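Subject: Structure for your review

Dear colleague,

Please find below the structure that I am handing over to you. My notes on what was found in it follow directly after it.

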Amino acid sequence: MKLSVNLNKIALIRNSRGNDNPSLIDYVKKCIELGVDGLTLHPRPDHRHATSEDVINVSKICTDNDIEFNLEGNPFSLPHGDFIGFQELCAKAKPDQVTLVPDDLQQITSDHGWQPGFSDNELKDFVDSLKDSSVRTSLFIDADTAAVEYAERIGFDRIEIYTGPFAKYLEDKDLVNFKLCKSKIAECINLANKSMLGINAGHDLNLDNLPHLIECGSVDEVSIGHAIITDALKFGFEDTIMKYIKAVRKSH
């Protein structure tokens, strides 16, 4: 399992003071020095955290240092103020992986996977356009085998399983629903393997629930942001990154 660190929260703290402190680029370089496998940004049209400029700059640094850059977002997000539009961002940043998420401006954070039947033709056209540039495509889905089948049918290379409910049930010690959720994740992993789809997972993953995710089956990559920043308040940024690297590599 590989670790992609989402640095949106660093950008959010920076933006709150209207200057470049903390420097997103400094933390990008620190993550690379510590040995992470990749970096993730999920810009929104309101630039509440990561900006279009951030995406382009971070992608270049990742390319120069031979680590993967994962760009997340809604493929149908149009230009808005300083936001240049998701499609244009893909063209300019040239990420290694694009993860498509059905979010909107009203959402604080991503809270559900892509639903089959939502703009199917437009989604397929977007995915097909990315294949011309050899970008790996991933679809953010709920832990539902029908969504895995949908991702395969549209032509995605990978799925990213939304792990929000999985994390919440464990936190709440709701063991009945937690076991059910684990079972659904395992079913999605098994079906994705049979369908030759890569498997990512993300949302509310942390040091407590990662071992349980590993029990569900083989996952290629996890994307973690919020928990890393909150844990960094306790352990320091460098020690936190090393704890997460150790946790994900226990799956090997």
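Against which elements do the buried residues of α10 pack? They pack against β1 (2-6), α1, β8 (221-224) and α11 (237-249), where contact means heavy atoms within 4.5 Å. Before the details, some conventions are needed. This is a predicted model, in which local features need pLDDT of at least 70 and side-chain atom pairs count only at pLDDT 80 or more, whereas totals for chains, interfaces and linings use all residues. Residues are numbered from 1 along each chain as its sequence is written, and side-chain values use heavy atoms, with hydrogens and water left out.

The buried residues of α10 (226-235) are Ala227, Ile228, Ile229, Asp231 and Ala232. Helices (H or I, at least four residues) and strands (E, at least two) are DSSP runs, numbered from the N terminus. Buried means under 20% relative accessible area, exposed means over 50%, and partly exposed lies in between (1.4 Å probe, protein chains only). After α10 comes Gly236, with a positive phi near 90°.

Strand β6 (residues 158-162) has five of its five residues buried, so the strand is largely enclosed by the rest of the structure. Arg158, Glu160 and Tyr162 point one way from β6, while Ile159 and Ile161 point the other way. β6 pairs with β5 in the parallel sense over four bridges; two strands pair if DSSP finds at least two bridges between them. Leu139 is the residue that stands opposite Ile159 in β6.

Salt bridges

A salt bridge is a side-chain nitrogen of Lys or Arg within 4 Å of a carboxyl oxygen of Asp or Glu. By this rule the count comes to 10. Three of them are described here.

In the salt bridge between Glu68 and Arg136, the closest N and O atoms are 2.7 Å apart. Glu68 lies in strand β3 (residues 68-73) and Arg136 in strand β5, so this pair ties together parts that are 68 residues apart in sequence. Glu68 is partly exposed, with a relative accessible area of 24%.

Asp64 forms a salt bridge with Lys60, at 2.9 Å between the closest N and O atoms. Both residues belong to helix α3 (residues 52-64) and are four residues apart, about one turn of the helix. Asp64 is exposed, at 54% relative accessible area, and Lys60 is exposed as well, at 52%.

Asp172 forms a salt bridge with Lys168, with 2.6 Å between the closest N and O atoms. Asp172 is partly exposed, at 43% relative accessible area, and Lys168 is partly exposed, at 45%.

Backbone features

A cis peptide bond, with omega about 5°, joins Asn21 and Pro22. Pro22 lies in the loop between α1 (8-17) and α2 (24-34).

Ser134 is not a glycine, yet has a positive phi of about 60°. Its place is in the loop between α5 (120-131) and β5 (136-141), and Ser134 is exposed, with a relative accessible area of 68%. Lys173 also is a residue other than glycine with a positive phi, near 60°. Lys173 is found in the loop between α7 (164-171) and α8 (175-194) and is exposed, with a relative accessible area of 66%.

Pocket and cavity

The search used a 1 Å grid over the protein atoms alone: a cavity is a set of points where a 1.4 Å probe fits but cannot get out, a pocket is an open set with protein on both sides within 12 Å along at least five of seven lines, and lining residues have an atom within 4 Å of a point. Grid points are joined across faces, edges and corners, and a volume is the space filled by probe spheres set on the points.

The second largest pocket has a volume of about 390 Å³. Of its 19 lining residues, the closest to the centre are Ala167, Glu171, Asp204, Asn206 and Asn209. The elements that give two or more residues to this lining are α7 and α10.

The count comes to one cavity of 30 Å³ or more, and the space in the largest cavity is about 30 Å³. Its lining consists of Lys2, Leu3, Ser4, Asp37, Gly38, Glu68 and Glu221. β1 gives the most to this lining, with three residues.

Yours sincerely
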